[in-house]
Amino acid sequence: MSDIFQFLTPLFVLLILGGVFVGIIFGSIPGMTATMAVAVCLPITYSLGLNNGMALLLGLYVGGISGGLVPAILLGIPGTPSSITTTLDGYPMAQQGHAEKALKIGICASLVGGLVSLVILNFFAPTLANFAIKFSYVEKFLIIFFALTVMAALSSDMLMGIFSGVLGIFISLIGTYDVTNGGNGHWRLIPPGTEYWLQDGFSLLPVLIGLFGLAAILEEAQIGVPPGLKGSNVDVGKRERFSLKVFNGQWVNLIRSGCIGTFVGILPGVGGSAASILSYSNAKTFSKHPERFGKGEPAGVIASESGNNGLTGGALVPLLSLGIPGDSTTALLIGAFTLQGIQVGPLFIGNNPQTWDAIIWAMLIANIAMFVMMYFAIRYFAKVVMIPKHILFPIILMMCVVGAYTINYGIMFDVWTLLIFGIFGWLMSRLKLEVAPFIIGFILGPSAEVYFVKTLESFGDVTIFFTKSPIAVVLWLMIIGSIAGSVWLNRSASKKKAELENKDH
């Protein structure tokens, strides 16, 4: 018990509470996501140390995901991508005069989903890590390959997803081919005239802040303020007596949606929108009254919010046990570990038991704090929706620039990296490229190269990737299955689209 109090300090708890509060604000403002909140605050963690830094970032993560339900219910605009299906029933409830009831249903469901995912994280991640310790370079390479194929397969366009992942790997290899990684110590892929700045490649943290901070600001600047928001007031409506009786008959829906969200989180790079959509569709499928969905059915809000908060713990499972981020936000958490000189992977939990305990406690406290803050102060958080972005965005932009500049002790090229990848991230959305596969490819590219080269050095034959062990064979079957599944889903979607077009004609 004494070990717990080594990290469970007043500062640790205060950082969680502050992170949850700021995260809720970010999530409550349409266009400002949990990922942006973590990206902007990432440089702050350098001076906090690993445990306190993770406390802040996990608070931001939980608060940001949960806060997205506020505009989804009050305005019909998802505050974060993970709240997309919350609008389908939450907004109709608000229009019927039950806004506060819908908000509190979503808050309670968010708590349950978060706790379900935390339980699964606590028991499953160490088991998976112990299993992964036995992996050779071959299995480690195939795990990364599988993660990239899953992300590509679940992208809106599989070819674009594959291209984005490969592009991320390509850019990650810019710099000196390190001798310790089997290289020759020569420069590679460096544009002429930039050798001085790029001999060590692009720094990870400015790239992350650019892609998830600056790019989001540019995207929102292009979209502008939706006409419905200009000068409008958000009204939560009259106070309603809230009772947990609304959850009668919904406990299976709650737990099932939390488990679905956790499972989706474990799949690399899939994201919260998929978690909420799958949870919502399952709730509708198993409901005795599916016709009520989309018209203000509380079960729809329960499924969506339990599912997207189930993502939080699930996305940490592959990160902490395999070193592979489960979503964009956990990709940013790798930056926090990098700042402290710690590598996540199969050995992380065994080598850093105190940090592992700190993460579990931080997630537990963050979920409870989120519930207490939002449940009792939801009327005040509802007003956050209308904070003018022309006030917020300059502040966020300044924090991005200062963070990028100071993160490596004042290197101006890191600010240029922030700008380059901020513009690149904005262009990616224009070109229909996928950010999640790109950033996962960028993070895992160097590791994939090391595992590939070391395997060839040890065995000297490419066929070893197919014959090394039964685990390798299973991984290849999973890779083939993910690609085949994507092809089948794309063809099914194309057939449905063609059928709808024929009906219209």
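In this predicted model, Cys 108 is buried, with a relative accessible area of 8%. Cys 259, by contrast, counts as partly exposed, because its relative accessibility of 34% lies between the 20% limit for buried and the 50% limit for exposed residues. As for bonds between cysteines, the count of disulfides comes to zero.

Attention now turns to a helix. Helix α15 covers residues 328–339. Its 12 residues should span 16 Å at 1.5 Å a residue, and the end C-alpha atoms lie 18 Å apart, which agrees. Of these 12 residues, 11 are buried, so α15 is largely enclosed by the rest of the structure. Among the buried residues are Ser 328 and Thr 329, along with Leu 332, Leu 333, Ile 334, Phe 337 and Leu 339. Just after α15 comes Gly 341, which takes a positive phi of about 75°.

For helix α4 (residues 50–67) and helix α17 (residues 353–384), the angle is about 35° and the axes are 9 Å apart. The crossing of α4 and α17 is right-handed. On the α4 side, the residues making the contact include Leu 50, Ala 55, Leu 58, Gly 59 and Val 62, while α17 contributes Ala 358, Ile 359, Ala 362, Met 363 and Met 370, among others. Sorted by class, the contact of α4 with α17 holds 11 nonpolar and seven polar residues, with no charged ones.

Methods
Residues numbered from 1 in each chain as written. Predicted model: local features only at pLDDT ≥ 70, side-chain atom pairs only at ≥ 80, totals over all residues. Heavy atoms only, no water. Disulfide = S-S within 2.5 Å. Buried < 20%, exposed > 50% of the residue type's maximum accessible area, 1.4 Å probe, protein only. Axes fitted to C-alpha atoms, helices over the stretch in contact; angles between N-to-C directions. Helix = DSSP H or I, 4+ residues; strand = E, 2+ residues; numbered from the N terminus. Left-handed = near helix turned anticlockwise from the far one by under 90°. Contact = heavy atoms within 4.5 Å. Nonpolar A, V, L, I, M, F, W, Y, C, P; charged D, E, K, R; others polar. Expected span 1.5 Å × (residues − 1).
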